[in-house]
Amino acid sequence: MAIERTFSILKPDALQSGVIGKVLAKFEEAGLKPVAMKMVQLSRAEAEEFYGIHRERGFFKALIDFMTSGPVILQVLEGENAIAKNREVMGATNPANAAEGTIRRSFAKSIDANTVHGSDSAENAKIEIAYFFAGTEIVKYNWAK
């Protein structure tokens with residue numbers, strides 16, 4: 001299996017609900033090792049550029065309002081098949097449709113406030129990681145997982 005990196009955001013609702021540690025534990029339990037992490041307050045311009053693919057959709061303004069409503073945690077996760085594993089651990093976008101034990105089923109409040117974002121492909125993971133992290137901010141370390 002291939003070791004990959006993927007991008008993840010803990011959204012404002014995760015921070016506001018006080019579940020940061022629980023969400024991070026789910027990633028680690030799934031074999032996803034954080035190799036870069038920072039807490040930021042996204043500016044409107046950053047959020048609009050990052051989510052630009054959705055610009056023409058009806059939910060775009062609400063998404064940007066939500067993602068700029070409070071701080072977020074940006075992270076790079078590494079592990080075997082990290083992109084697929086991250087999406088599995090997150091669960092379906094709509095928490096009502098997410099499998100038991102997934103992050104969204106466990107912690108999300110709604111389809112809009114759904115706790116986490118994760119890259120959906122290797123190409124997007126590279127783009128999203130580079131958008132928020134310089135190569136020097138991503139570290140290597142041994143993990144006894």
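**Exercise 1. Find which element gives the largest share of the lining of the largest pocket, and describe that lining.**

Solution. The largest share comes from α7, with 4 residues, where helices (H or I, at least four residues) and strands (E, at least two) are DSSP runs numbered from the N terminus. This is a predicted model, in which local features need pLDDT of at least 70 and side-chain atom pairs count only at pLDDT 80 or more, while totals for chains, interfaces and linings use all residues. Residues are numbered from 1 along each chain as its sequence is written, and side-chain values use heavy atoms, with hydrogens and water left out.

Next, take the lining as a whole: 27 residues line the largest pocket, and Tyr51, Ile53, His54, Leu63 and His117 lie nearest its centre. Two or more lining residues come from each of α3 (44-50), α4 (60-67), α5 (82-90), β4 (116-118) and α7 (122-132). A pocket here is an open set of points on a 1 Å grid over the protein atoms alone, where a 1.4 Å probe fits, with protein on both sides within 12 Å along at least five of seven lines, and a lining residue has an atom within 4 Å of a point.

**Exercise 2. State how many helices and strands the protein chain has, and in what pattern they follow.**

Solution. Counting gives 7 helices and 4 strands in the protein chain. Reading along the sequence then gives the pattern β-α-α-β-α-α-β-α-α-β-α.

**Exercise 3. Decide whether Asn86 is buried or exposed, and list its contacts.**

Solution. Begin with its place, which is helix α5. Asn86 counts as buried because its relative accessibility is 0%, buried meaning under 20% relative accessible area, exposed over 50% and partly exposed in between (1.4 Å probe, protein chains only). Finally, leaving aside neighbours within four places in sequence, Asn86 is in contact (heavy atoms within 4.5 Å) with Thr6, Phe7, Ser8, Phe27, Leu32, Leu77, Gly118 and Ser119.

**Exercise 4. Describe the phi and the exposure of Asn81 and of Thr115.**

Solution. Most residues other than glycine have a negative phi. Asn81, in the loop between β3 (72-80) and α5, has a positive phi of about 45° although it is not a glycine, and with a relative accessible area of 29% Asn81 is partly exposed. Thr115, in the loop between α6 (103-107) and β4, has a positive phi of about 75°, but Thr115 is buried, at 0% relative accessibility.
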